[in-house]
Structure formats: C-alpha cells, structure tokens
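This report looks at selected contacts and surroundings in one protein model. Please keep the sequence and the structure in view while reading.

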Amino acid sequence: MTDFQTVRGFEDVWRPAVRPRRVRPEAVLGAAVARSAVRARLVRIVQRAPEVMVKVTGRTRDPGHLAAHLSYITRNGDLAAEGRDGWLIDGRRDVLDLAADWSAASAMDRRRRSNSPESLSIILSMPEGTDAMALTGAARAFAAETFAERFDYLFVLHTDVGHPHVHLTVRALGEDGSRLSPKKGDLAAWRQDFARALRERGIAAEATPRRARGITRKPERTAVRKLRERAERAQATLPRVRRGAYQAAAKAVFGAAVDAEPWEVATMRRRATVRAVYLAQARLLSTSPDADDRALGVQVEAFIRSWPAPDTQRLALARELRRAAADRARPPDGRTRER
C-alpha cells in the first residue's frame, strides 16, 4: 500500500467544532498515529461505521437525588453495578451505602456551593445489535482511562430497550479536591476514546462531528424534548422557544419570502466546503497507483453522493406545517378539494 496522502483542508473535516484552531488528523484521532490510521478512519466513515453516543444526561444536586438516581439505574438494586475498583455494587443496601458515602464526602468539601453537583450522569450507547458484553468491556476501559485517577464512579449495563447502553455515574468531587465539569471539548474527546475502546474489542465504531457525515440539522436537546412531550401529553401551551420556532417556520410556509438566518447560511457554506474537500480527496485517491486507494476513492465519492438533503429545524417544522395544512384541505373521501 502506498503512503496515504490527504488534500489540503482534509483535517478540518473531522475536527470537532469546539475551538477555532487547526489540528492535524492524527490529533483528531486522539493519539500520535500513522497516516495509515487516518486512512482506516476514512474507510470506517465511508462504510458508515456506527456512531457512538456519549451523553451527559444530568447531575444530582443533593443526597436524596443521588440515592434516587443510583436506585433508578440499578433498578432498585436488582442490577449489579461495577465500581472503580472492579467490585460489584449488588443490592439495594449497597447502592444506598455508596450514595451515602459520596454525599458525606461532598458535604465535607468546604469549597462546595449550595448548587454544586454530587454526581454526573453519562450514557454510553451503541445501536441495536451491538454485543452487550463487548460494550460493557469498552465502558469499563473508558471509565478507567478517563476518571479512575481522580474520580470515583460506578456503571451498569441496561439491555431492556432496543439498544444496549451503559449508565456511568461519576462522583463530581475528585480525590484531589477538583470538581468534574466537562466542556464541549471534553465530550468530543470522550466520544473518540469510547469509540477506540469499542474498536479494540472488535466492534466497528466511530465518533465524527455531524458535518463529516453531511448532517446539518442538530438533534433536539433532551430538556427541550421532554418539555415538548410533556406539553403535548397535557395538550398545554408549548414552551416559548418551541412556539418561536413554529412561528418562524409558519412565516416561511405561509408568509412572504423569508431570508435564511445567518446560522443557516453558515451551516450550508460549511457543508459545501466539507463536500468539496471529500470530493477532492476522492479525486486524489483516483490517481493513486494502489488499487485499494483507487477503490476507496470510488467509495468516498459514493458516500458524498448519498448524503441527505440539507435540513434545519425550521425546514423540518415547515414540512410539518405543510402536511398539516394539506390534511386540513383534504375532504373525508381522500380526494384533494378543488379550489
């Protein structure tokens, strides 16, 4: 195999959207690796390796909240959790004792504020069909590498829904007195580390930013989704932010021409840039003397051609409003009402 070459700007395709600084592809991968590893990652991406999910789902703020959370993720002690030292926390009594120990240590912290968290809740997840034991091993390795030096933690595997996932709860107060307060850059690094731990156990996994996959629409935040679902169940007024989103979409559907928002323009420009870089990389690979590189170039181009159409929340809501308007205009017999 020939030495893998990349076009100018290729490193920006995978760079997490956290800091406005340039980094090498090797740094994005999280370690000093050879160009062959960059190529391997490109192969995984164009072959659509499953994307890992590492998500901070919440924080506990007082002893009662912590005890309730640990009871919930262990199903009131019926599911055994594993701690930092490898011992199992098994049974309701053990769970509550651990919660009490963490809370007591937090209460002794003189620098603790009234709203300082007792723990941080993280979910490590992969799609349906992922081997649960391999997922657990990857979670164990990720937690040990990321937190064991300073922070206590426990984790428990859940397989009672469509996809296996691990609930990882980390004590917010470190043994050195520091407090766990992850930023966006930390979350990006955690995704990379968890994906690597999965690959080391034979599971194809990746951790790329949305733009690397041609996705422009951000997922709905958990807190916003819960508020929306609660309002829909109660048939109550939607949250103010959601109402504003619907109003903006309604203007685009029923009102006069609406200019794209600046962030929408920036998103589309960034998507076009990423697409152009991928296509340039495909052309470079097509000139390689190595047959595998040329085949990869074909895969890269096919990957780009298969990208979904650009989408935003406003466009999605606009489609929803158009469907609702069409349904109201349709008579009971199903035929379109004549105008």
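Is serine 121 buried or exposed? Serine 121 is buried, with a relative accessible area of 5% (buried means under 20% relative accessible area, exposed over 50%, partly exposed in between, with a 1.4 Å probe and protein chains only).

## Basis of the model

This is a predicted model, in which local features need pLDDT of at least 70 and side-chain atom pairs count only at pLDDT 80 or more, while totals for chains, interfaces and linings use all residues. Residues are numbered from 1 along each chain as its sequence is written, and side-chain values use heavy atoms, with hydrogens and water left out.

Serine 121 belongs to strand β4 (residues 119–125). Helices (H or I, at least four residues) and strands (E, at least two) are DSSP runs, numbered from the N terminus. The side chain of serine 121 makes a polar contact with the side chain of histidine 69, at 3.2 Å. A polar contact is a pair of N or O atoms within 3.5 Å; within protein, one must be able to donate a hydrogen and the other to accept it, and residues adjacent in sequence count only if both atoms are side-chain atoms. Leaving aside residues up to four places away in sequence, serine 121 touches Lys55, Val56, Thr57, Gly58, His69 and Leu168 (contact means heavy atoms within 4.5 Å).

His69 is one of the buried residues of helix α4 (residues 63–73), along with Leu66, Ala67, Leu70, Ser71 and Ile73. The elements that cover these buried residues include β1 (53–60), α5 (92–107), β4, β5 (153–158) and β6 (165–171). At the start of α4, a side-chain oxygen of aspartate 62 comes to within 3.1 Å of the backbone nitrogen of glycine 64. Just after α4, arginine 75 has a positive phi of about 55°.

## Aromatic pairs

How many aromatic pairs does a search of the whole structure find? The search finds nine. Rings of Phe, Tyr and Trp (its six-membered ring) pair if their centres lie within 6.5 Å; planes under 30 degrees apart count as stacked, over 60 as edge-to-face and the rest as tilted. Among the pairs is an edge-to-face one between phenylalanine 142 and tryptophan 190, with 6.4 Å centre to centre and 75° between the planes. This pair links distant parts of the chain, since phenylalanine 142 is in helix α6 (residues 132–147) and tryptophan 190 in helix α7 (residues 184–199), 48 residues apart. Phenylalanine 142 is buried at a relative accessible area of 1%, and tryptophan 190 is buried at 7%.

Tyrosine 278 and phenylalanine 303 form another edge-to-face pair, 5.7 Å centre to centre with 80° between the planes. Tyrosine 278 lies in helix α10 (residues 262–286) and phenylalanine 303 in helix α11 (residues 291–305), so the pair ties together parts 25 residues apart in sequence. Tyrosine 278 counts as buried at 0% relative accessibility, as does phenylalanine 303 at 2%. Ring pairs join Phe10, Trp14, Tyr278, Phe303 and Trp307 into a cluster.

## Charges over rings

The charged end of arginine 41 sits over the ring of tryptophan 14, 4.9 Å from its centre. The charged end of arginine 75 sits over the ring of tyrosine 72, 5.1 Å from its centre. A charge sits over a ring if NZ of Lys or CZ of Arg is within 6 Å of the ring centre and within 35 degrees of the ring normal.

## Threonine 6

Threonine 6 is in the segment before α1 (11–14) and is partly exposed, with a relative accessible area of 27%. Threonine 6 touches Arg35, Val38, Gln281 and Leu284, not counting residues up to four places away in sequence.
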